[in-house]
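Here are my notes on this model. Please read them with the structure open.

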Amino acid sequence: MEGIIVKGIAGFYYVKTENGILECKARGIFRKNNVTPMVGDRVTVIPAAEGNILDKIHERSSELVRPFVANVSQAYVVFAMRNPDINFDMLNKFLVSLEKNHIRPVLVFNKSDLAEDEEMTKLRDDFVGTGYEILFIEAKSGAGLDELFNQLKGNITVLCGPSGAGKSTLLNKLSGSDKMETGDISVRLNRGKHTTRHSELIEVNDALLVDTPGFSSMDFTMDAHELKDYFPEFYEFEGECRFNGCNHNHEPGCRVKEEVGKNISKARYDYYVRYYNELIEENKRKW
Ligand code: ZN
């Protein structure tokens with residue numbers, strides 16, 4: 001029987017299957033091979049009266065460490081329009097890391113009531129060509145949340161963003177935490193508030209949502225030459241650069257650079273160059 005691990009606790013794994021949640025123990029072979037089942041893993045379970053066996057872990061499409069969750073397919077990258085102001089450096093680093101991890105980012109700007117229309121237009125311009133969905137919401141009042149609900153469907157979604165951006169409020173709204181008290185959509189046992197614990201997946205809207213507010217920073221180690229692969233607005237043009245493997249930096253005949261200020265925003269390109277140089281410096285120090 002196939003399913004998804006939604007919770008792990010003290011050696012037991014709780015797997016959501018078509019027959020409901022099954023409590024399972026992992027095969028000893030996993031430990032022997034140093035494989036740790038993760039929440040989010042797609043697995044095969046062998047049901048048995050004396051205890052269900054977690055038999056097989058299917059290949060993962062992504063692996064996050066903090067939170068420790070596999071197969072996350074989508075991230076709501078939550079920033080507030082004000083209080084705190086948008087930290088674009090952090091935002092762009094999130095986007096790069098998510099691309100690297102094969103997770104689709106959705107940009108969610110909270111506290112949109114505090115922003116002018118021109119600021120929202122400018123934000124859209126800043127991310128021109130990326131294909132990223134940009135949503136403006138007010139987590140507190142619930143304005144704009146319908147679209148976020150709809151987009152959960154079919155995904156394992158995580159929330160990320162700096163503290164103060166409203167991740168927790170949003171998570172509560174999306175997970176319907178008041179409903180959860182009544183057990184309507186809850187798949188968890190003994191939910192402890194404000195305690196350090198492993199992430200769980202909660203079922204919302206034919207989808208799974210990581211129940212912890214997620215990370216506020218991400219690992220940014222990579223080869224500098226890899227970085228361009230994580231700026232989707234470059235894809236359309238990079239085949240037309242004069243040099244194969246062009247890094248869109250100082251090379252002559254660079255098509256990507258030609259598009260800066262047109263189909264690629266200068267703000268994003270400047271971050272690209274900055275991160276590229278940072279990574280070159282960092283990797284020099286290592287060797
Ligand atoms: Zn180029």
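1. Start with the metal site. Along the chain, the donors of the zinc ion are spaced C-x4-C-x1-H-x5-C. They are Cys241 (SG), Cys246 (SG), His248 (ND1) and Cys254 (SG), at 2.2 to 2.4 Å from the ion. Donors here are N, O and S atoms within 2.8 Å of the metal (3.2 Å for Na, K and Ca), with water not among the atoms.

2. A caution on sources. This is a predicted model, where local features need pLDDT of at least 70, side-chain atom pairs count only at pLDDT 80 or more, and totals for chains, interfaces and linings use all residues. Residues are numbered from 1 along each chain as its sequence is written, and side-chain values use heavy atoms, leaving out hydrogens and water.

3. Geometry. The zinc site is tetrahedral, with angles of 105 to 115 degrees among its four donor atoms. For four donors, that label requires all angles to lie between 85 and 135 degrees.

4. Burial. His248 counts as buried because its relative accessibility is 1%. Cys254 is buried too, at 5%. Buried means under 20% relative accessible area (1.4 Å probe, protein chains only).

5. The loop. Ala224 sits between strand 13 (207-210) and helix 7 (235-238). Helices (H or I, at least four residues) and strands (E, at least two) are DSSP runs, numbered from the N terminus. Ala224 is buried, with a relative accessible area of 2%. Ala224 touches Tyr276, Leu279, Ile280 and Asn283, leaving aside residues up to four places away in sequence. Contact means heavy atoms within 4.5 Å.

Terms used
Tetrahedral: all angles 85-135°; square planar, octahedral: opposite > 155°, others 65-115°. Buried < 20%, exposed > 50% of the residue type's maximum accessible area, 1.4 Å probe, protein only.
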